[in-house]
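User: I am new to this structure. Can you show me how to read a few of its features?

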Amino acid sequence: MPAFPTVPIRGPEVWAALEDMAWGPDNVRKWSTLALLAIMGTALTAATDPGFVAMISQKGLDFACQQGMVVLQEELQTINVPDFSGVFKIKHLGKGSYEFYSMAVNGFHIPNPEMKLQPTDSLQLSIKEASIKISGKWKTKKNFLKASGNFDLSVEGVSIFADLTLGSDPTGHITITCSNCDSHIDSVHIEISGSMLGWLIRLFHRKIETSLKNIIYKKICKIVRNSVSSKLQPYVKTLPVVARVDDVTSIDYSLVAPMITTNQFLKGQLKGQFFWRGHRGPSPIDPPEMKFVPSNDYMLCMAISDYFFNTAVFAYQESGTLKISLGNRLDTRFKLNTDFLKPFLPKVAKMFPSMGVQLLITAPSTPHLSIQPSGLSLNPKLETQAFVVLPNATLVPLFLLGMKTNASLDVDAEENRLIGEMKLGRLLLELKRSNFGSFKVKLLEDVINYLIPTMVLPKINERLRRGFPLPLPAGIQVINFVFYSYQEFPVA
Ligand SMILES: *[C@@H]1O[C@H](CO)[C@@H](O)[C@H](O)[C@H]1NC(C)=O
Ligand SMILES: *[C@@H]1O[C@H](CO)[C@@H](O)[C@H](O)[C@H]1NC(C)=O
């Protein structure tokens, strides 16, 4: 794992960083190398602290700029230069008229676009030394003489400076507007071809060039402003504010504060809170304060606090979906019936011979995830209620077990989703209640430690592998992912 020069001031956090990009076979823009830093803080919290912070570095802006330029270039190619006409007057020859028409942009070359961070909430797009090639037709009339031909126009030294100001709208979406645009054209050269009278027009090339330069100059910023409002803004809006996870939960990725620029990053502070779609009440969990110095070796760094994970657990818990029932038909290798109770509850085995047993596993208190140097860990306290299933399907409660274990969660990303894999430590049992007398619960430990990892854990991991949406705009996928976990640092 590469060294990650991050200094979390308060607590471990989950970090994500994206490095380098590549085009996928499907032309999907891909940001690779997502590193994730887990931050857990218990100190100072405020309702407005984010649970999820995304920071785009200059490297990321360069990538975004390249992508955006493909679109802007296409838009600039559509510059529509209107037909243009004029009259000329030459001593002894008298008056004549000319017209330029059917002008089309053949190329808009942008050699070195740059996107720079500007304090405190904007980006500056700068384009220098761009050039435009335009071709068209001309015709001229002088008394009874008529002539026509083609021309090529090259517009050189085009520079564009546009300020893009970031903000948010009341729904928590990021907004981006072109607050200022300036353009400049160094020179325009016209090349007239065609025989008769072409020389005549050539005499007026300076006047024609100046007029065309003014026409084009006025169009450039109009196109830039329009591209920002009709292309960039809708694209930025594809960033989910509420990302649906599944039927049960969604994630609130709304901005908790306006987007800001630091001298190295564009920073978005998002709520990063899971909620139960069935009923969204106030969360009993407070987001910790997240303080860290991210690395600009990556395109994008995402810092995720334990708040994100714990609101997830809470939302599933609140919805009542954090439970699982094991019956006798689950596994062919292991028959879950009263026979297995014989060694420690012979009375039950005798009363309900060879009847099915059902285990209902629940989490009576919301498991708490914490971020450790080794990754995410939790110490869930679970309960298992065992029942006998009578032939008429009535459940007879047998006993209630308390179960303690340690678990870890490995986090990864796939495409635009955060995925995970859980590992479970050994389960320790405690008999909490028995309707058929006390027994040595140790005798059950091996069975439970076989059943849970083989029956329950795969179901949890199947769900974790399906993943949870990350706040990425449309068409962005993660192809590499680096996870960093940070330990709590003493508060200075
Ligand atoms: C199911 O069977 C048990 C035992 O035979 C009986 O006590 C109980 O009333 C039955 N329940 C139903 C719903 O039929
Ligand atoms: C559970 O704890 C034990 C002892 O500290 C440790 O060796 C093991 O790796 C842990 N397992 C998980 C899945 O966290």
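User: Let's start with Asp246. Is Asp246 buried or exposed?

Analyst: Bear in mind that this is a predicted model. Residues under 20% relative accessible area count as buried. Asp246 has a relative accessible area of 15%, so Asp246 is buried.

User: Where in the chain does Asp246 lie?

Analyst: Look between two strands. Asp246 sits in the loop that runs between β11 (242-244) and β12 (249-252).

User: Which residues does Asp246 touch, not counting residues up to four places away in sequence?

Analyst: Asp246 touches Arg277, Tyr316 and Arg463. With Arg463, the two side chains make a polar contact at 2.9 Å.

User: Which backbone nitrogen does the side chain of Asp246 reach?

Analyst: That of Val248, at 2.8 Å.

User: Now the helices. At what angle do α1 and α3 pack?

Analyst: Helix α1 covers residues 58-77 and helix α3 covers residues 205-236. They pack at about 130°, and their axes are 10 Å apart.

User: Which residues make the contact between α1 and α3?

Analyst: From α1, they are Val71, Leu72, Glu75 and Leu76. From α3, they are Ile220, Ile223, Val224, Ser227 and Lys231.

User: How many of the residues in the contact of α1 with α3 are nonpolar, polar or charged?

Analyst: Sort them by class. The contact has six nonpolar residues, one polar residue and two charged residues.

Technical notes. Residues are numbered from 1 along each chain as its sequence is written. Chains are lettered from A and ligands numbered from 1 in the order in which they are written. This is a predicted model: local features need pLDDT of at least 70, side-chain atom pairs count only at pLDDT 80 or more; totals for chains, interfaces and linings use all residues. Side-chain values use heavy atoms; hydrogens and water are left out. Axes are lines fitted to C-alpha atoms, for helices over the stretch in contact, and angles run from 0 to 180 degrees between N-to-C directions. Helices (H or I, at least four residues) and strands (E, at least two) are DSSP runs, numbered from the N terminus. Contact means heavy atoms within 4.5 Å. Ala, Val, Leu, Ile, Met, Phe, Trp, Tyr, Cys and Pro count as nonpolar, Asp, Glu, Lys and Arg as charged, and the others, Gly among them, as polar. Buried means under 20% relative accessible area, exposed over 50%, partly exposed in between (1.4 Å probe, protein chains only). A polar contact is a pair of N or O atoms within 3.5 Å; within protein, one must be able to donate a hydrogen and the other to accept it, and residues adjacent in sequence count only if both atoms are side-chain atoms.
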